[in-house]
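Please open the structure in a viewer and keep the selection tool at hand.

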2 protein chains.
Amino acid sequence: MYHLVVKQFMRSLKNLDTIMEKAQKYAETRGFDATNYSTARIFPDMLPFAAQIRIACDTAKMTGSNLAGKEAPKHEDNETTFAELRGRIGKCLSFLETLSPKDFERTTPATPVKLPDRPNRPGKTLRAEEYLVGRQIPNFYFHVTTAYNLLRQGGVEIGKSDYLGTLEFIEG
Amino acid sequence: MYHLVVKQFMRSLKNLDTIMEKAQKYAETRGFDATNYSTARIFPDMLPFAAQIRIACDTAKMTGSNLAGKEAPKHEDNETTFAELRGRIGKCLSFLETLSPKDFERTTPATPVKLPDRPNRPGKTLRAEEYLVGRQIPNFYFHVTTAYNLLRQGGVEIGKSDYLGTLEFIEG
């Protein structure tokens with residue numbers, strides 16, 4: 001299950017990259033810079049589009065890192081342009097591509113996964129199963145969907161099929 | 001994995017119900033009817049809040065039904081008030097609670113799952129693994145997150161911890 005979900009995160013990140021490319025084309029036809037979306041928010045105290053992309057990437061990256069037991073590269077949160085944000089997705093995918101199904105065999109449902117320390121308290125620990133299904137999966141899709149919604153709010157012509165991407169159907 | 005994910009969908013639906021209760025309280029303090037949220041949309045050609053709730057429920061319901069091999073009750077899409085929409089979540093949870101871990105043992109990664117027929121073409125078929133991880137999970141969180149975003153957009157004071165709910169940490 002662990003490798004399967006990380007592979008699915010990779011597919012979703014690729015879909016998100018394609019959606020961002022469509023946003024760039026839309027912005028071009030309307031005569032503005034797609035980077036204007038980077039600071040868009042659903043509500044003033046929510047995180048902006050750029051942060052939604054970064055957190056989606058980090059959630060996928062850390063899921064792979066923690067469950068495969070491989071150290072993840074650090075990425076500075078300094079992207080602002082669409083090209084830079086898409087580059088962040090690319091760097092995340094490059095790391096995840098290095099993980100093989102075998103790397104995930106070390107993880108059982110009960111394997112402890114420690115969350116990062118916070119300034120005011122040490123990170124808490126979850127069983128791998130709860131970490132993946134209860135925290136990382138909902139968190140990942142939260143940020144991908146919010147990024148999608150921000151582009152929809154900004155007029156980009158995309159739909160659910162862009163979000164889901166191409167599914168592997170049985171037979172023609 | 002199948003039962004685990006359906007249990008997680010149930011937790012997310014309960015979180016969503018709590019979020020809707022907070023929206024009702026917020027609307028009350030501001031002196032308007034929470035049902036005004038039912039028609040809210042992120043963009044004019046997106047589905048409204050009420051539809052996001054119904055589809056989130058149906059996605060969870062059909063995932064349980066298809067993977068446990070139990071027929072799901074039909075629910076008319078006629079809810080408009082917040083009380084009715086929360087009732088829809090309740091009915092969905094009541095059905096999912098009838099499914100036991102044993103019911104899901106029939107499903108292997110390769111078990112075929114047929115999607116509903118469309119007016120213009122018969123439903124396509126997916127392997128259970130792809131159905132769950134590639135379609136149902138992203139779809140479910142898409143609609144739950146969009147419902148959350150619509151309430152955030154409408155000023156309700158909720159945060160990520162309301163969306164994730166209570167996680168089962170190891171030790172105190």
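**First stop: a buried serine**

Select B:Ser38, which is buried, with a relative accessible area of 5%; buried means under 20% relative accessible area, exposed means over 50%, and partly exposed lies in between (1.4 Å probe, protein chains only). The model is a predicted one, in which local features need pLDDT of at least 70, side-chain atom pairs count only at pLDDT 80 or more, and totals for chains, interfaces and linings use all residues. Residues are numbered from 1 along each chain as its sequence is written, chains are lettered from A and ligands numbered from 1 in the order in which they are written, and side-chain values use heavy atoms, with hydrogens and water left out.

B:Ser38 belongs to the loop between helix H1 (2-30) and helix H2 (49-68) of chain B. Helices (H or I, at least four residues) and strands (E, at least two) are DSSP runs, numbered from the N terminus. Which residues does B:Ser38 touch, not counting residues up to four places away in sequence? They are B:Pro48, B:Phe49, B:Ala50, B:Thr80, B:Thr81, B:Phe82 and B:Leu85, where contact means heavy atoms within 4.5 Å. A polar atom of the B:Ser38 side chain lies 2.7 Å from the backbone oxygen of B:Thr80.

**Second stop: the interface**

Now colour the two chains separately. In the interface, 41 residues of chain A are in contact with 41 residues of chain B. Together the chains bury about 3900 Å², 67% of it on carbon and sulfur atoms; buried area is the accessible area (1.4 Å probe) that two parts lose on being put together, summed over both.

The rule finds 16 residue pairs in polar contact across this interface, both residues being at pLDDT 80 or more. A polar contact is a pair of N or O atoms within 3.5 Å; within protein, one must be able to donate a hydrogen and the other to accept it, and residues adjacent in sequence count only if both atoms are side-chain atoms. On the side of chain A that touches chain B, at least two residues each come from helix H1 (2-30), strand E2 (125-127), helix H4 (128-153), helix H5 (160-164) and strand E3 (169-170) of chain A. H4(A) gives the most to that side, with 17 residues.

Next, select A:Thr146 in helix H4 of chain A. Is A:Thr146 buried or exposed? A:Thr146 counts as buried, at 0% relative accessibility. Residues up to four places away in sequence aside, A:Thr146 touches A:Ile42, A:Met46 and A:Gln52, as well as B:Thr145 and B:Asn149.

Side chains of opposite charge can pair when their charged atoms come close. A salt bridge is a side-chain nitrogen of Lys or Arg within 4 Å of a carboxyl oxygen of Asp or Glu. A search of the whole structure finds 30 salt bridges over all chains, and four salt bridges are found across the interface of chain A and chain B.

Select A:Arg152 and B:Asp45, whose side chains meet in a salt bridge (2.7 Å, N to O). A:Arg152 lies in helix H4 of chain A and B:Asp45 in the loop between H1 and H2 of chain B, so the pair joins two chains. A:Arg152 is buried, with a relative accessible area of 7%, whereas B:Asp45 is exposed, with 54%. Another salt bridge to select is that of A:Arg11 and B:Glu130 (2.9 Å, N to O).

Within chain A, select A:Lys22 and A:Asp162, a salt bridge with its closest N and O atoms 2.7 Å apart. A:Lys22 lies in helix H1 and A:Asp162 in helix H5 of chain A, so this pair ties together parts that are 140 residues apart in sequence. A:Lys22 is partly exposed at 35% relative accessible area, while A:Asp162 counts as buried at 17%.

Finally, select the three strands that form an open, antiparallel sheet in the order E1(A)-E2(A)-E3(B). Its edge strands are strand E1 (112-114) of chain A and E3 of chain B, each pairing on one side only. Two strands pair if DSSP finds at least two bridges between them. Three bridges join E1(A) to E2(A), and A:Val113 stands opposite A:Leu126 in E2(A). E2(A) and strand E3 (residues 169-170) of chain B pair over two bridges; here A:Thr125 has B:Ile170 as its bridge partner.
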